[in-house]
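Please look over the sequence and the model below before reading on.

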Amino acid sequence: MAGAGDRAVEDASDDLLFADESADEAALAALRNPPWLVLIVDDDHEVHAITRVVLGDASFERRHLRFLSAYSAKQARDLLAEHRDIAVILLDVVMETDDAGLTLVRHIRETLGNRQVRIILRTGQPGQAPERAIIATYDINDYKAKSELTAQKLFTATVAALRSYQHITLIERGRLGVEAVMEAADHLFEQPSRAAFLRALPERMAALLPVAGSVLLCVGGPDGAPDGPPRVVSAASAGGAPLDASLPDTVIPDIRAALADGRSRWGDRHGVALLRSRSQAPHALCVLADASLPEMEQRLIELFCAKAGTGFDNLHLVERLQEAQVATVHALGKLAEYKDEVTGDHVKRLGRWATAIAHELRARDLFPDELDEEFCGMIGLASVLHDVGKVAIPDAILRKPGRLDAEEMRHMREHAAIGGAILRDAGGEGPRNCLSMGAEIAESHHERFDGGGYPHGLSGDAIPLSGRIVAVADVFDALLHRRPYKKAWEMEEVLDLLRAESGQHFDPRVIDAFLAVLARDGLPLVA
């Protein structure tokens, strides 16, 4: 039985493989065609020596064999933990114990979860490990008695095992690669803007391919023409390496050709795949690598580009929908302007204040379940719609100079519920959008924190956060500016009222955030 010091790790083929090559050529050849790792597990030193002699000059798919030696099952476990890419194990049954080899098989398959490595069981005592029982019970791939294992049969069994391992690993790499592409595509689809999408695309590709040195996303000339000089839109490097975003001269012809005819190009150390989009000029994804890209990686790059092209089109559609929604909001806001001449400038200021308050509340880590980036980006536009219900209020009431009587006030207060109903129908079901948030604001910005507001008499956190924010900004701006029924207030008067009404009319957390915004950004100048 050999000790740990007897373990030998040798490469029987290095001299043959690199004898006539320069150092650079040897390194490149090793990168392109790394040797197959074959683990010999046997307590007989002579078996190791004979195996190396018989298979020392063997090769498969232009890759030689590199041998690892273990003289016990324990040493084999250590080597298996160190080398995750062992292709074939030539395994003895009887070593430190009568079933050491069989126990090692269970460890490999069950504990390590390694289903790829091919295991050839070699035994000198077939009676102690009957072939039929062993094949039926253990996940091994071949069974040979040492007495029958001639040099030719050993070569045949090893090459057959390598071929099987190659097929299994290709299938597994393909499966993992497709999963990685889908995950990368999902990340792209989450990008909120075109700029973020284009920035993330080469980053995800660089992370996806371990062989990539850098990835560059390119378009044609200034007008997108494929025959123009390619232009780098965004770039990323693998592993955070220093990034050179310039295009090598050897790659430019392939980029132009791919942009012109839509077909991928694969060079000695680079690849160019096309990202097609119905809504945008085609983009070329250029992958610069240390060696030729294997066929599997080529297919994954093309799959990634196909998914990215779909994501680009989806993003374009989302942007168009957002533009349509913004146009709808502004159109509805214009309707309110026709009824109230002060609305136009008021809603612009209101939108700025509401957005600033939302960001300040988020910075204070308040309302974390509601205040996300989408909320902060949406509230300014949605606040434009806070008084859209006034389209249903008669001009005689809306433009009356002086105070309204009780009946007129009852009619005026109806605008909150009317605006909420109009916008809720327009916003529809589903995820929050500017119209649905506008409905919240229109219906709730006249509610009071103490429950004394209208139209529903809501109180505290039952009032939508968007309504509580706009209520503060609306009153602040309305009091600062002249209206048909009142003069403009002085700034100190307005601030005193906000402080006095904190906890009664207004949410005190929103008041504190707004006062902090005013202190930081300065008080507005009022004409």
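## Confidence in the model

What pLDDT does the protein chain average? The average is 83, and 86% of the residues score at least 70, where pLDDT is the predictor's confidence in each residue, from 0 to 100. This is a predicted model, in which local features need pLDDT of at least 70 and side-chain atom pairs count only at pLDDT 80 or more, while totals for chains, interfaces and linings use all residues. Residues are numbered from 1 along each chain as its sequence is written, and side-chain values use heavy atoms, with hydrogens and water left out.

Confidence is lowest in helix H1 (residues 14–18), at a mean of 38, and highest in strand S2 (residues 36–41), at 96; helices (H or I, at least four residues) and strands (E, at least two) are DSSP runs, numbered from the N terminus. Over residues 1–24 pLDDT stays under 50. Where pLDDT is low, the predicted coordinates should not be read in detail.

## Helix H5

After H5 comes Gly113, with a positive phi near 65 degrees.

## Helices H17 and H18

The axes of H17 (residues 491–501) and H18 (residues 508–521), lines fitted to C-alpha atoms over the stretch in contact, come within 10 Å and cross at roughly 155 degrees. The two helices are therefore roughly antiparallel to each other, a term for angles over 145 degrees. Their contact (heavy atoms within 4.5 Å) is made by Leu495, Leu498 and Arg499 of H17 with Ile511, Phe514, Leu515 and Leu518 of H18.

Notes. Axes fitted to C-alpha atoms, helices over the stretch in contact; angles between N-to-C directions. Parallel < 35°, antiparallel > 145°, perpendicular 65-115°, else oblique.
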